[in-house]
Amino acid sequence: MGPKLASLLAVLAAVYLAVAATAVDDAPLPRLPHQDIPAVFAFGDSTLDTGNNNVLPTMVRADHAPYGREFPGGAPTGRFSDGKLLTDYLVEVLGIKELLPAYRSGAANLTVADLSTGVCFASAGSGLDDATATNAGVATFGSQLADFKQLLGKIGARKAGEVVKKSVFLVSAATNDMMMNYYMLPSGRSKYTLEQYHDLLIGNLRSYIQAMYDLGARRMLVAGLPPVGCLPLQLTMAELQQPPRPQGCIAEQNAAAECYNAKLQRMLAEFQAGSPGARAVYADIYSPLKDMVDHPDKYGFVEASKGCCGTGLLEMGPLCTDMVPTCATPSKYMFWDSVHPTQATYRAVAEHFEQTNIIRFAN
């Protein structure tokens with residue numbers, strides 16, 4: 001290990017330990033030493049969507065109160081949280097900019113400079129299976145890639161080539177496929193076994209990251225599944241199917257998520273081995289979120305089994321409105337609604353990513 005990398009690891013370790021030992025606050029995140037990463041481009045679902053669904057004819061939207069109540073200015077932006085998302089914290093900590101704008105809802109007002117430092121293409125409700133996005137009336141992954149191609153045209157071939165090869169391409173998808181298209185819809189389970197559906201999703205993802213690679217992407221950060229069986233909505237659905245409400249997480253669904261994540265890691269390793277210059281990094285989202293569920297007090301949380309919005313058991317999207325009550329202190333909750341994390345959770349996950357993932361792109 002060279003002295004530069006050793007020094008960087010020491011800085012990151014100190015930052016991570018300091019954050020893990022205290023409750024999450026709103027202080028600015030410490031910036032990483034220079035990484036030569038000019039931009040972040042995000043693809044996937046609601047965990048990354050910073051407002052693209054605002055301009056789509058879908059009910060899967062968060063451009064209404066109480067979403068965004070902790071966001072700067074207190075206005076709903078389309079982010080499925082009380083405030084910032086992981087993507088916002090990543091561009092901040094990399095010293096690129098304070099927030100990652102949504103491409104579709106902001107394209108008309110984004111300058112070439114804005115586009116060249118990164119945007120979000122993710123669409124809440126989307127997945128790796130086109131049926132998931134179609135059922136929700138949102139952008140498929142393929143259409144997100146089409147938007148990216150359009151962006152390259154706006155930047156111009158010469159500048160795009162310089163930016164893309166050093167940028168981080170962040171992907172987070174498949175949670176909606178499993179939750180909405182497999183567990184909730186009997187049609188999904190009737191067509192595929194769990195293993196077959198995992199293989200379908202992984203195969204589609206392999207094609208998508210190949211398309212990114214063909215467009216010049218070399219630094220890819222791909223998130224696995226979270227502990228799906230710990231999401232408040234999944235616990236509620238299990239209770240509706242067979243009372244009482246499960247105590248703790250649904251072990252079967254978490255085991256399935258771990259199985260998917262293992263397959264994803266193998267696929268990324270194979271892709272990287274066969275793609276000169278590529279760094280396809282697996283982003284472990286499962287471990288930090290499961291640790292928060294198991295040890296909420298370590299992160300300053302007092303509630304990790306239900307959301308802040310409404311009852312916290314069912315409300316999200318069109319059901320999470322200013323007509324229902326919200327908790328007094330969202331930062332004490334792991335979840336904002338029945339599926340999506342609070343800003344405090346995203347900040348903690350961003351700290352984890354600094355320590356374990358971004359370091360992999362160090363030159």
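Is Arg61 buried or exposed, or does this residue fall in between? At 21% relative accessibility, Arg61 counts as partly exposed, where buried means under 20% relative accessible area, exposed over 50%, and partly exposed in between, with a 1.4 Å probe and protein chains only.

Before going on, please note that this is a predicted model, in which local features need pLDDT of at least 70 and side-chain atom pairs count only at pLDDT 80 or more, while totals for chains, interfaces and linings use all residues. Residues are numbered from 1 along each chain as its sequence is written, and side-chain values use heavy atoms, with hydrogens and water left out.

Searching the whole structure gives ten salt bridges, each defined as a side-chain nitrogen of Lys or Arg within 4 Å of a carboxyl oxygen of Asp or Glu. One of them joins Arg61 to Asp63, at 2.7 Å from N to O, and Asp63 is partly exposed, with 29% relative accessibility. In another, Glu92 and Lys84 have their closest N and O atoms 3.7 Å apart, and both of these residues are buried.

Turning to the strands (E runs in DSSP of at least two residues, numbered from the N terminus), S2 covers residues 168–172, and five of its five residues are buried. Strand S1, residues 40–44, pairs with S2 in the parallel sense over five bridges, pairing here requiring at least two DSSP bridges between two strands. S2 is also joined by five bridges to the parallel strand S3, residues 219–223. Leu170 of S2 is the bridge partner of Ala42, and Leu170 also stands opposite Leu221 in S3.

Terms used:
Helices (H or I, at least four residues) and strands (E, at least two) are DSSP runs, numbered from the N terminus.
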